[in-house]
Amino acid sequence: MLALAGFRRSLAAPVWGKGAGKEPAGPSTAAGPVAAAGDGCVRVTVRAKPGSRCSAVTDVTAEAVGVAIAAPPSEGEANAELCRYLSKVLEVKKSEVTLEKGGKSRDKVVKILISMTPEEILEKLKKEASS
């Protein structure tokens with residue numbers, strides 16, 4: 001039993017070395033659910049809630065933007081509705097909103113292919129969540 005306690009302590013010990021205390025290296029330049037991508041686009045982290053009665057931005061947290069989607073989670077219907085709804089909220093063309101990651105997950109990354117600042121996008125999403 002004493003050996004297990006030492007093993008657990010070594011797992012919980014802080015990591016020291018070259019990479020300790022550094023932020024993960026990535027292309028995004030802002031913290032939160034909306035971040036600028038290195039290629040002039042903006043990435044939005046979304047927590048999808050498919051099968052709702054109507055599409056709506058439910059909440060904006062530090063981790064993700066909660067979006068209720070009025071489409072079932074089958075055959076990509078919810079993903080298409082998510083991109084369509086976000087294009088309407090952000091007032092951009094449907095072709096400028098693409099699903100980058102999370103095709104079969106509730107946690108998704110949506111890429112906005114237009115030169116808007118992350119602050120502008122976050123402001124529009126918060127405005128929609130409050131209405």
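How many helices and strands are there in the chain? I counted three helices and six strands. I took helices (H or I, at least four residues) and strands (E, at least two) as DSSP runs, numbered from the N terminus. From the N terminus on, the order reads α-β-β-β-β-α-β-β-α.

Before going on, I noted that this is a predicted model, in which local features need pLDDT of at least 70, side-chain atom pairs count only at pLDDT 80 or more, and totals for chains, interfaces and linings use all residues. Residues are numbered from 1 along each chain as its sequence is written, and side-chain values use heavy atoms, with hydrogens and water left out.

**Entry: the chain overall**

I looked up burial, where buried means under 20% relative accessible area, exposed over 50%, and partly exposed in between (1.4 Å probe, protein chains only). Of the 131 residues of the chain, 33% are buried. The chain exposes about 8,600 Å², and carbon and sulfur atoms supply 56% of that area. The areas come from the Shrake-Rupley method with a 1.4 Å probe; for residues, only the protein chains shown count as cover. I then checked contacts (heavy atoms within 4.5 Å). Among those between residues at least 6 apart in sequence, 42% join residues at least 24 apart.

**Entry: helix 2**

Helix 2 covers residues 77-90, which makes 14 residues. Its span from first C-alpha to last is 20 Å, close to the 20 Å expected at 1.5 Å a residue. The expected span is 1.5 Å times one less than the number of residues.

Is helix 2 mostly covered or mostly open? I found it mostly covered, with ten of its 14 residues buried. Among them are Ala78, Leu82, Tyr85, Leu86 and Val89. What covers these buried residues includes strand 2 (42-50), strand 3 (56-60), strand 4 (65-69), strand 5 (97-101), strand 6 (107-112) and helix 3 (118-130). Just after the helix, Glu91 takes a positive phi of about 60 degrees.

**Entry: helix 3**

Helix 3 has 13 residues and reaches 18 Å from its first C-alpha to its last, close to the 18 Å expected. Its buried residues are Pro118, Ile121 and Leu125. Seen down the helix axis, they fall within an arc of 70 degrees, so they line one face of helix 3. The arc is that of the directions from the helix axis to the C-beta atoms. The buried residues pack against strand 1 (34-36), strand 2, strand 3, strand 4, helix 2 and strand 6. On the face turned away from the buried side I found the exposed residues Glu119, Glu123, Lys127 and Ser130.

**Entry: the hairpins**

I counted two strands as paired if DSSP finds at least two bridges between them. Strand 3 and strand 4 run antiparallel and are joined by four bridges. Val57 stands opposite Val67 in strand 4, and the hairpin between these strands passes through four residues.

Strand 5 and strand 6 also run antiparallel, with four bridges. Lys101 has Val109 in strand 6 as its bridge partner. Their hairpin has five residues between the strands, and Gly102 there takes a positive phi near 90 degrees.

**Entry: cysteines**

How many disulfides does a search of the whole structure find? It finds zero, taking a disulfide as a pair of cysteine sulfur atoms within 2.5 Å. Cys41 is buried, with a relative accessible area of 11%. Cys83 is buried too, at 13%.
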